[in-house]
Every structure is written in C-alpha cells, then in structure tokens.
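Let's take a walk through this structure, one neighbourhood at a time. Keep the viewer open and click along as you read.

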Amino acid sequence: MAGKIKTSYVCSNCGYESAKWYGKCPGCGEWNTMEEQAPVINSKKGGSTSISRSSIKPVMKLSDINSDIEKRLATGISEFDRVLGGGIVEGSLILISGDPGIGKSTILLQICQFLGQNKKVLYVSGEESERQIKLRANRLGVTTDNLYVLAQTDVAIIVETIKVEKPDIVIIDSIQTMLLDDVASSAGSVTQVRESTNIFMHLAKSLAIPIFVVGHVTKEGAIAGPKVLEHIVDTVLYFEGERNYSYRILRSVKNRFGSTNEIGVFEMTQEGLKEVENPSLLMLSGRPKDSSGTCVACTMEGSRPILAEVQGLVTATGFGTPRRMSTGFDYNRMSMIIAVLEKRAGYFFNGMDAYLNVVGGLKLYEPAADLSVAMSLISSLKDQVVNEKALAFGEIGLAGEIRAVNNCEQRISEAQRLGFTKCIIPFHNYKSLSKNIKTSLDIVPVRTIRAAFEAITE
C-alpha cells in the first residue's frame, strides 16, 4: 500500500521548509509566514529516473573551452553600464530590486530606447496593461519601433512567446506576478518565485538572451521571496534612496561579470532618471558656511571616490537617557565612536543627545568614514567650526588610534579636484604617498583623534 503523501510548509520570508506548520518560522523568526505547499508527485516508481546515453552531454576539458572576452551590450546610460561591469553580458540573468516607486521600471524602459536602435526588446509586464506602459513610455520619450510589449503572467506562454519572437533582450516586470500552472500555490509564493526564476535562468543560458527580472522588496528592504532567488541570478542590483530625495543610487551586491562595489548615481526628474556624472559635487552642494558640526568624508564606492558631507548635532538632553540617532551611517558604529571619544580622547557626551546625518541620502558603509564622523560630533560638542576647505578620513580603533585605509592617493586626488586644500589622513598612510601627492595640497598625518581635531579646525 502506498504511503500517505505529506504536505510540506515553506516560509515565505526565508524559504525554510518543514514537514509541519509553525506559527513562528524556525529559520528567520518571523511570525505567520509558513505557507502550505502541495507535494511534488514523482510518476516514476520508487522515485528513480532512467536517462538514455544519447541525452548525456559530453564533458569538456578546461583548456578546450573558449575563453574569449564576453560580449557586452551598452545600455546608453554610462552609470548603469558602470554598475553592470561594462554593459549587459549575453545570456545573463539580472535581478533589479528596490522600494516601490523608486525607479526600477523607469530605468528599464529608458534603456529600451537605446537598445531598440538595433536590438529587439520584449517587455513582459505582469502588473501593468499595454496601455499603461504606453503612457509611461510617452512620458519618458521612448519611441523606438523595436520595443514589443506583452502583458502576461503565465510563465509557459511567456517562454513560448520568447522562443517564437526570438528577442535580443527580455524584461520581466515583475517576478512576483509570474505564475506556473504546474505549481499548486499562488503567485508570489516561495515556490512560484523559485521555479519561475529557474525557468527564466535556463532560457537565458540556452538562447543566450539577457533577461532582466524586477523583484519586490519586503518592509525590511530585503528581496521578497526565497534567498535562493539571489543565488540563481547572475547579477543583483539594488536601488537605494529616500522618497523625500530626488537622488537614487543603484548598487551592485552580486555580479558574476564585474565588481560588486560599484554604484551608479541618478536623479529622478519628470523625464525619468538622469545620470549624475559627478556625485561628489552633487553631495557637497549647499554646504553651510561657518557652521559647527559638519565635516566632509571621502568614501570609496568600487573604483570611484565620493565626497559626502557628514553633519553632527550634539545638544543637552531633556530625558534621563541621552538619545542617539543616525541616518546614513551605522548606528552601532556611531555609538562605538562616541564611546571611544569619551574614554580615549576626553570628549564627554554624558547628558547630551547626539544626532548624525549623511547629506543627500548617501549611506556610508566604509570604516574610513569614522574620522569624519568623529570630527563632526566633536565640532558640534565644542561649537568649533571645521575648516571648510579640509576633509578627513581614517578608521578609528578602540584604543583611540587612527588606522590606515586603502586607496589613499585616489581620495586625496578627488579632494584636490574639488578644491579642497587640506587633508587629515592616518599617519601610516602618509609614508606610502608619492612625492607629487604630498606636495599637491596640505596633508596632515595624525595618530590620535585629538590631533586630528586640532588640525582640521586650524
């Protein structure tokens, strides 16, 4: 007698699979995310499969595989090409994710205008009708004749359409709306998203067609669906930005064909997204003069140095426990820096609220921004103005020392290009600088936080 087929339960947040239902997912700890998944029935007796010898693909020696440089397609947007590593690679599967309304569909429709000059583009929409896409294309000035639109959510129909039409590029907007009839679950579920992405991945590789996939995000900002979704695709791009800001940052967090540290900076306008070729100049526009609590940081985003203004505000607290807030910089690292300033440098924040903000919506992940964060907080605490033509970068250790950072010469060159005359850098970086860089502007090597603040306020 055949055994009873058991139903499995899958977490819609992290993909954790279990034979029984849980109110709280054991994998990620989220509540009410376990969804019932229909069992997969194997028609073969005992679950065994027989494979004919003719279907086995012969193995290849590594030396016999063609190692020519992959062909890349330019998108017409240099910032977008930079993030991709130089352009679109044939046969690649690219996932673009971000908050609703941040510009995912907009930038994909904009690159269709350039690609449509000599390539056939198929835009598959599961969320909008053909008329809605036409209205958005008119607003963005997309008039190419090589752009074809398909409003469809059935994956089988989409695959057959791609095989018949043979487009050069395919855009799927979005993967959470795609539906497979063979999978007994609703659109957007873990199984539907995973299986649909797998089918598009095999299609991209077999036909050598680059496919863009738009993905939704959860309220925490992570890509909705199973984590395996990010492992299947070749490239994962995140759109970052706040609704109150017009600037958008496109960041590569996974790229099998390029760097994972590159970013592209865009500005949202009525005509769509416009690339910002000089992000540093943009981030520093409107800086206040003769105002304490502001310092310029230099962070590396891939191969590009970017200057950003860090603002700190320290004021007497009205509560028993001082308040700490940070925007654009890690809150825990800010707390650590304040603790070092009190213990090692003698700047006391007891009974003081501390607020930190990175202007322009930029997020500073690099430890090299530690010194500029410390300078802005001390400047506000002491109410001393930082030299507007000076910037600082360096990592702060728990002993209060200023540690060396990488790409020091590139940071200094970017500062000089934008008119800065003084750079506060770690002492150990100064030894390795070339003579030309040392004489280009006033470079002050420092070992301690107090020495850095004295130098930057002169």
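First, the ground rules. This is a predicted model, where local features need pLDDT of at least 70, side-chain atom pairs count only at pLDDT 80 or more, and totals for chains, interfaces and linings use all residues. Residues are numbered from 1 along each chain as its sequence is written, and side-chain values use heavy atoms, with hydrogens and water left out.

Start with two helices. Helices (H or I, at least four residues) and strands (E, at least two) are DSSP runs, numbered from the N terminus. Helix α4 covers residues 155-165 and helix α5 covers residues 190-207; they pack at an angle of about 10° with their axes 11 Å apart. That angle makes α4 roughly parallel to α5. Here, axes are lines fitted to C-alpha atoms, for helices over the stretch in contact, and angles run from 0 to 180 degrees between N-to-C directions. Angles under 35 degrees count as roughly parallel, over 145 as roughly antiparallel, 65 to 115 as roughly perpendicular, and the rest as oblique.

Which residues do the meeting? From α4 come Val-155, Ile-158, Val-159, Ile-162 and Lys-163, and from α5 come Ser-196, Ile-199, Phe-200, Leu-203 and Leu-207. Contact, here and below, means heavy atoms within 4.5 Å. By class, this contact has 8 nonpolar, 1 polar and 1 charged residues. In that tally, Ala, Val, Leu, Ile, Met, Phe, Trp, Tyr, Cys and Pro count as nonpolar, Asp, Glu, Lys and Arg as charged, and the others, Gly among them, as polar.

Now for the charges. Side chains of opposite charge can pair when their charged atoms come close. A salt bridge here is a side-chain nitrogen of Lys or Arg within 4 Å of a carboxyl oxygen of Asp or Glu, and by this rule the count comes to 15.

One to click on is Asp-234, in the loop between α6 (228-232) and β11 (235-240). Asp-234 forms a salt bridge with Lys-205, with 2.5 Å between the closest N and O atoms. Lys-205 sits in helix α5, so the pair ties together parts that are 29 residues apart in sequence. The cut-offs are under 20% relative accessible area for buried, over 50% for exposed, and partly exposed in between (1.4 Å probe, protein chains only).

Put together, Lys-205, Asp-234 and Arg-256 are linked in a network of salt bridges. Beyond residues up to four places away in sequence, Asp-234 also touches others, including Gly-91, Ser-92, Leu-93 and Phe-257.

Glu-195 is partly exposed at 29% relative accessibility, and Arg-194 is partly exposed at 22%.

Helix α10 (residues 408-417) holds both ends of another pair: Arg-417 and Glu-414 lie 3 residues apart, about one turn of the helix. Their salt bridge has its closest N and O atoms 2.9 Å apart. Arg-417 is exposed, with a relative accessible area of 51%, whereas Glu-414 counts as buried at 10%. Leaving out residues up to four places away in sequence, Glu-414 touches Asn-278, Ser-280, Pro-305 and Leu-307.

Gln-110, in helix α2 (residues 104-115), is buried at 17% relative accessibility. Outside four places in sequence, Gln-110 touches Ile-77, Leu-140, Val-142, Gly-272 and Leu-273.

Val-214 belongs to strand β10 (residues 211-215) and is buried at 1% relative accessibility. Although Val-214 and Gly-98 are 116 residues apart in sequence, their C-alpha atoms are 8.7 Å apart in space. Setting aside neighbours within four places in sequence, the contacts of Val-214 include Leu-95, Ile-96, Leu-108, Ile-172 and Ile-175.
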